[in-house]
Amino acid sequence: MIQQEREFGFATRALHAGTPPDPATGSRAVPIYQTAAYVFGSTEQAAELFALRSYGHIYSRISNPTVAAFEERMASLEGGLGAVAFSSGLAAQLCMVLSVAQAGDHIVCTQSVYGGTVTQLSVTIKRMGIETTFVPAGDLSAVAAAIRPETKLVFVETIGNPSGVLADLRGFATLAHDAQLPLVVDNTFATPYLCRPIEYGADIVVHSATKFINGHGTTIGGVLIESGTFPWDNGRFPLLSEPSPGYHQKIFTETFGEYAFLTRARAEVLRDVGAQMAPFDAWLLLLGLETLALRMERHVANARAIAAFLQTRAEVAWVREPKLGSIFTFGLRGSREAGRRFIDALELWSHLANVGDSKSLVIHPASTTHSQLSDAELSNAGVEPESVRLSVGLEDVNDLIWDLGNALQAAARE
Amino acid sequence: MILTAAWQLRSLLSRVRTIAMIGASNNPLRPSYTVFSYLRRQRFYDVTPINPAIASIDGITAFPSLAAYAAARGVPDIVDVFRRPSELVAVVEQAIAVGAKTIWFQYGVINDAAIAMADAAGMSVVVDRCMKVEHARVCGDLAVNGINTGVLSSRRQPVHPPRAADS
C-alpha cells in the first residue's frame with residue numbers, strides 16, 4: 001500500500017490517478033456520488049471539519065468524491081500539487097482571480113486570448129474593481145512594462161485562440177517571478193498531453209474541460225491546477241497571508257503552507273461563488289481523460305494532413321498551420337460571402353461554437369465567438385474577417401478532406 | 001538525514017507512534033492547535049504537548065520540557081516543532097540530549113544551523129512540512145480535496161486502512 005518511488009507514465013495516470021477501486025463497494029469504475037451532503041460521524045467531527053482541522057466531505061458545493069477523483073487526475077496529469085474543479089472554464093478563471101485579487105488590484109493578460117476571457121476580464125471582473133491591461137503575446141517587454149505595484153497575476157494561453165500563437169512560457173514565468181507574481185496559463189488547447197505549463201515555470205493552470213479533456217462535446221466544465229511552489233507569503237497577496245474574515249481569521253499561508261492557495265480557492269471562493277462541478281459531469285470528464293493520449297495523437301495527425309491539403313487549394317488564401325494541437329485557422333479568397341457559402345456546403349463538419357470534440361468542428365470567429373470584440377481587438381487577437389477556424393476531429397481523414405474539397409468548390413461558385 | 005521524498009515521509013509516519021509537540025498551543029486559531037487536534041484523533045498516535053505556559057490541551061496534559069516528557073514517558077518517536085527559528089538550536093540540543101531519533105520542523109520553522117546540527121547527530125529530519133498534511137496524504141484523506149496524492153492502485157483498499165505498522 002505504501003508506494004515507493006515509481007513515477008508512472010502519462011497514459012497510466014490518465015487511467016488510474018484519483019480512482020483506486022471504491023473503498024466501500026470495490027466498484028472499479030468510479031461511482032457517481034449523487035448526493036448534496038454527507039452525514040457527520042459525530043458532533044465533534046462536524047466541528048473539526050468546519051474549522052478545517054480535519055479532512056472530509058461536508059456539502060457537494062465544496063467537495064464531492066466523484067469530483068475529487070477528477071481533480072486529482074487533472075493534478076496528476078499537469079504535474080501540480082492539487083486541483084479544484086468548477087462548473088465551466090470561465091468559472092474556474094473567475095474563481096482563480098478571486099482567490100488572489102480584490103477591488104483595486106490589477107491583472108496583465110495577453111491580447112490573443114479567447115474572446116470570452118477578454119470580456120470576462122474587461123467587463124465583468126473590471127466591474128468588480130479589478131482592472132486588466134492587455135498586451136501583445138509576443139512582446140515580453142510590453143508585459144513587463146504593464147506590471148504595476150497592485151498587479152496580482154500574469155495570464156496567457158499556451159496556444160492563442162484562434163490565432164495559434166504559442167506563448168514563450170519560460171519567458172513569461174521568469175518575467176512574472178521577477179515581479180513576485182504567479183504565471184497563470186490557460187492550457188485548454190494544448191492539454192497536458194501536448195504541454196505541461198508547470199514544467200516551464202507556470203504556477204497555476206486553468207482549463208475549459210469542455211474541450212479535449214471531455215473529448216465528446218457532452219459536458220461543460222472547468223478546472224484549475226496549482227503547482228504548490230509559489231511563495232504566496234511574499235507580501236503581495238494579503239488575501240492569502242493575512243487573517244481571513246471568511247474563515248475564523250485563519251492565515252492561509254501560515255496554517256496550510258504549500259496548500260494555501262488551493263485551500264482558499266476551495267474553502268472560501270468556491271464555497272461562496274457556488275460554481276461547483278456536478279458529479280455526473282466529473283464522471284464524464286474522467287471517462288474522457290482515459291483516452292486523452294490516444295485522441296490527441298490522432299487529432300494532431302489529422303490536423304497536419306488537413307493543413308497540408310488546404311495549402312494545395314487555389315480557393316485558400318492562407319493557412320495558419322498548427323504548431324501544436326489540432327485547432328487552426330485558414331482564410332478563403334474572396335468575399336465574406338464565400339466564407340458563408342463554404343460553411344453552408346459542409347456535410348460532415350459541424351458548424352458550432354466549440355472545439356476539442358472527437359467530431360470535426362468549424363466556425364467563423366469574427367461573426368460568432370469573437371463578435372463582441374471591436375475591429376482593433378479582433379486584429380489584436382489575430383482574427384481576420386475571412387478567418388475560418390477548424391477543430392479537427394477523429395474521423396477518417398480522407399472523409400474530412402473530401403468534405404472540405406466539396407465545400408471549397410461550392411464557395412468558389414458565384 | 002533530511003527526508004524529502006513523499007515515500008520517505010509516508011514510511012516515517014507509518015512507523016512512529018509517540019509524538020512530542022514542542023510549542024503546541026491551546027489557542028484554536030493557531031496552526032499548532034490545528035495539527036495537534038488532527039493528529040490526536042488518528043488511531044495509534046500518542047501526541048503530547050510540550051509547552052511550559054500551558055497545563056493541558058483538550059484534556060491532554062502538557063509537559064514543561066522535552067526532558068520532563070522523556071523522564072516520565074521515555075524517548076518520543078518524533079519531536080514535532082512549532083517554535084521561532086531563533087530558538088531551534090536550543091530545541092535540537094534538547095532533542096539530542098533525550099536521544100530523539102527524528103525531528104520534524106513545521107511550515108516556516110527553519111534554521112539552517114539547527115537543521116545541520118540535527119543531521120550531523122544522525123537524526124532523521126523533516127523541514128518546512130506539515131505533519132497533518134503529510135499524514136492526510138498517507139491515509140488518503142487529502143484525496144477528498146483533489147490533491148495529487150501520488151497513490152495509483154487497482155487493489156481494493158479497506159474503508160479505514162490499517163497503519164502499515166499494524167498490518
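Start with strands β11 (residues 361-363) and β12 (residues 387-391) of chain A. They run antiparallel, joined by three bridges. This is a predicted model, so keep that in mind at every stop. Now pick out Ile363(A): across from it, in β12(A), stands Arg389(A).

**Zoom out to chain A**

Colour by burial next. Of the 414 residues in chain A, 51% are buried. Then consider contacts along the sequence. Of those in chain A with a separation of 6 or more, 70% are between residues 24 or more positions apart.

**Select helix α3 of chain A**

Go to residues 65-78 of chain A. Helix α3 has 14 residues here and reaches 20 Å from its first C-alpha to its last. That is close to the 20 Å expected at 1.5 Å a residue. Is α3(A) mostly covered or mostly uncovered? It is mostly covered, with 14 of its 14 residues buried. Step just past the helix to Gly79(A), which takes a positive phi of about 75°.

**Bring in chain B at the interface**

Keep α3(A) selected and show chain B. Across the two chains, 42 residues of chain A are in contact with 36 residues of chain B. On the chain A side, the elements giving two or more residues are α1 (10-16), α3, β1 (82-86) and α10 (252-256). Which of them gives the most? It is α3(A), with five residues. Colour the chain A side by residue class: 17 residues are nonpolar, 16 polar and nine charged.

**Move to chain B**

Chain B has six helices and seven strands. Trace the chain and the pattern reads α-β-α-β-β-β-α-β-α-β-α-β-α. The radius of gyration of chain B is 16 Å, close to the 15 Å that the globule rule gives for 167 residues, so chain B is as compact as a globular protein of that length. Its C-alpha atoms fill a box of roughly 45 × 35 × 30 Å along the principal axes. Buried residues account for 43% of the 167 in chain B. Among its contacts between residues at least 6 apart in sequence, 59% join residues at least 24 apart.

**Last stop: two packed helices**

Select residues 31-40 and 131-139 of chain B. These are helices α2 and α6, which pack at an angle of about 35° with their axes 9 Å apart. Show side chains for the contact. From α2(B) come Thr34(B), Val35(B), Tyr38(B) and Leu39(B); from α6(B) come Met131(B), Lys132(B) and His135(B). By class, four of the residues in this contact are nonpolar, two polar and one charged.

Notes
Residues are numbered from 1 along each chain as its sequence is written. Chains are lettered from A and ligands numbered from 1 in the order in which they are written. This is a predicted model: local features need pLDDT of at least 70, side-chain atom pairs count only at pLDDT 80 or more; totals for chains, interfaces and linings use all residues. Helices (H or I, at least four residues) and strands (E, at least two) are DSSP runs, numbered from the N terminus. The expected span of a helix is 1.5 Å times one less than its number of residues. A residue is buried if 20 or more other C-beta atoms lie within 10 Å of its own, exposed if 12 or fewer, and partly exposed in between; C-beta atoms are placed from the backbone. Axes are lines fitted to C-alpha atoms, for helices over the stretch in contact, and angles run from 0 to 180 degrees between N-to-C directions. Two residues are in contact if their C-beta atoms, placed from the backbone, lie within 7 Å. Ala, Val, Leu, Ile, Met, Phe, Trp, Tyr, Cys and Pro count as nonpolar, Asp, Glu, Lys and Arg as charged, and the others, Gly among them, as polar. The radius of gyration is taken over C-alpha atoms; the globule rule is 2.2 Å times the number of residues to the power 0.38. Two strands pair if DSSP finds at least two bridges between them.
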